[in-house]
Amino acid sequence: MAELRGPASPRRHLLSVADLSRDDVQRVLETARSLAASLDREVKKLPTLRGRTVVNLFYESSTRTLASFELAAKRLSADTMSLRSAGSSADKGESLKDTATTLAAYDPDVIVVRHPSIGAPQLVARCTQAHVVNAGDGKHQHPTQALLDLYAIEEALGRLEGVHVAIVGDVLHSRVARSLVQALALVGARSTLVAPPTLLPRGIEALGCEVSTDVADVAEADVIYVLRMQKERMEAGEAFVPSLREYSALYGITPKRVRPGQVVMHPGPMNRGVEIDPRVADSDAALVSDQVRAGLVVRMAVLYDVMTVAPVPARVAEAVA
Amino acid sequence: MLFCRNGRGDSLTVEGRVVAPTQGIDECLAITVSDGVISSIEPAAASPIVVAPAFVDPHVHLRTPGREDEETLASGTRAAAAGGYCAILAIPNTDPVVDSAAVLGALVERARAEAVVPTGFMAAISKGQRGEELAEMAELAAAGAAAFTDDGLPVVSAGLLRRALQYSGLTGRPLALHCEEPSLSRGGHAHEGTVSAELGLGPYPSQAESVMVERDLALAGAEKRRLHVMHVSARESVDALRRARAAGVDASGEVTPHHLVLTDEAVRSLDPNVKMNPPLRCDSDRRALIEALREGTIGVVATDHAPHARHEKDVPFEEAPFGVTGLETAFSALHTHLVVPGELTLETLLERMSAGPARVFGLPEPRIEVGERANLVVLDLDGEWEVTEAGFRSLSANSWLLGERLRGRVLRTVADGREVFAA
């Protein structure tokens, strides 16, 4: 039992990668690996979180994140309900605080929050007793995405330590880039942000990454991580690059820009032909569907982790057995 | 120019170590006030209690008219009294905006009925603070406007500002400017730097302030008019102000307690009570502000007291409005964080909170002298207290100091000859 690790300190929430230690990350990834084994069985459901309640509170459209959180909770036998802002009382002008307090009256164990505004999960954590998992808040954080990306990288390359990841695209508006850079730094991997100067936030190097404005620098990396170029960033008066056409020409990941042996990742949804060439997206180098699969087991592991303070692998092993 | 409830002056005695920096007084004295006027000053026994000229705050959002749920003239001036103030100036970004003699006249009437502490009202530079055409500044001045500002918003048009500077010659009152270049600050929620980069918050760079400070000082210099730069936050703005003053421009500046104490590191908490405009900047900016206050480039501490209803601040950081309260904590916060650690002398702090702002805005300077109206604050420098929501007189509690223990308490405030606060 000596090698089993519990959390360094009791932690109720997963709000930001910045709150995690290297041990926290390793523990969640180990749990995810144990859980992955269970998914190969005929009956995929585990009794682990039976009697627990997970609420998904989504104020932003989402396909894969919401689907994977829902499925993750169900696979662990938790009761789950998902609320979207459309059609809910948020439509009638109810504040996030009131909605969260209302939901808290049902005593959910976990509230998973996605919201367009930075600080929304922190607000929910302040005004409820539930464990809060951040499923994306504005341009700030998307910690479960970073964890699933680590999982997918480790599955593909067999290691994380020393891996070099080039993250290409609209870093300025990307919660995925912020979370991933911090997560990579935690596990001893290296990251380089590649973007036009107008989409590189001033001071981002403080997160422990290198920065470049030259797409040729992706050649040195083991992983090319392509960020979505959001069309809404191109609105008149707010354009950060002169045109999507010029952006694609300078930063689009085409087959010529991918060297043999490199893998390519994308958090989705993809704008084919803008930040990523369809030939790359559909190639064997692309890990996009591995990322989606990783999303399920990593979110199962996260739900388990925030609700538990006991050493994890042993309990999961029992549950799996 | 200052208005409050009518009433006779009080008769009372105040005793302690009297510190009046501009008068060169620092000795233990007993001050007798008769019917509101200082009638005698006698030597007294040594005492740890400090008595000083009461404070003057030239930057207070009283939210009246329009948002009396956030602050009223009564609650705001009670808060001011508890903070040791004997005079405050209210900002005109209300609903409606104070841009006509009619609106100003109604406020003056309300102040005469409700204000516990003498209160002056600034009026808008432009009609509706829309930045398009000048408000009737001369008539507003005649109706009692203390100064002119579009605070909350910058005067974006250089042409309109130039005209306002020229026209202010008719009013004899200074222009007080909120310096912000909106095309640089748009979407900004935090100082542009490592913290905003890490948190993903829209960046509000120092230059959004400093390029406007430079522009406004250049215009004021050319027009030979007086200009006051509100809530200076960036070291580049401090440098610009210092250069302009050295070149003979009649310019002054103010700094808030929160910019003197906090940096953008505090924003990592994503607590809406550390969100304000201009934003908290980095430590080198904070150092530059303290140095400017010490040397006098910035001669005014102003709270930028900005009450907000609880439900407006109980939202995600990014959605929260800018602004924090400050009247009831300014002295204690600065004493705790600057005077106790030795970064600023008590004398300098007292001067920048009283005579400094009075001079800039042409208000009567609170003095401790026989024959003067009594404007006194009594301070227990060793008194510790905890900032709590329940402790505020203000109707709002959006303070960046909630839960903090502070050293230095206001025990008593005498404003215009009347005791307006006693702990």
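## A tour of chain A, domain by domain

Colour chain A by its domain assignment: domain 1 covers 17–141 + 293–320, and domain 2 covers 143–291. These bounds come from an automatic or database domain assignment. The model is predicted, so local features need pLDDT of at least 70 and side-chain atom pairs count only at pLDDT 80 or more, while totals for chains, interfaces and linings use all residues. Residues are numbered from 1 along each chain as its sequence is written, and chains are lettered from A and ligands numbered from 1 in the order in which they are written.

**Whole chain**

Show chain A as a cartoon. The C-alpha trace spans about 55 × 50 × 35 Å along its principal axes. The radius of gyration of chain A is 20 Å, which agrees with the value near 20 Å for a compact globule of 321 residues. That radius is taken over C-alpha atoms, and the globule rule is 2.2 Å times the number of residues to the power 0.38. Of the 321 residues, 47% are buried, meaning that 20 or more other C-beta atoms, placed from the backbone, lie within 10 Å of the residue's own.

**The four-stranded sheet**

Next, select β1 to β4 of chain A. They form an open sheet in the order β2-β1-β3-β4, with parallel pairing. Two strands pair if DSSP finds at least two bridges between them. At the edges are β2 (79–84) and β4 (131–137), each pairing on one side only. Neighbouring strands are turned by 15° against each other on average, direction ignored; the axes are lines fitted to C-alpha atoms.

Zoom in on β3 (residues 110–115) of chain A. Five bridges join β3 to β4(A), and the two run parallel. Pick V110(A): opposite stands H131(A) in β4(A).

**Where the domains meet**

Now go back to the domain colours. The C-alpha centres of domains 1 and 2 of chain A lie 25 Å apart. In contact are 23 residues of domain 1 and 23 residues of domain 2; contact means C-beta atoms, placed from the backbone, within 7 Å.

Select α1 (22–39), β4 and α9 (288–306) of chain A. These elements give two or more residues to the side of domain 1 that touches domain 2. α9(A) gives the most, with six residues. Colour that side by residue type: twelve are nonpolar, six polar and five charged. Here Ala, Val, Leu, Ile, Met, Phe, Trp, Tyr, Cys and Pro count as nonpolar, Asp, Glu, Lys and Arg as charged, and the others, Gly among them, as polar.

Technical notes:
Axes are lines fitted to C-alpha atoms, for helices over the stretch in contact, and angles run from 0 to 180 degrees between N-to-C directions. Two residues are in contact if their C-beta atoms, placed from the backbone, lie within 7 Å. A residue is buried if 20 or more other C-beta atoms lie within 10 Å of its own, exposed if 12 or fewer, and partly exposed in between; C-beta atoms are placed from the backbone.
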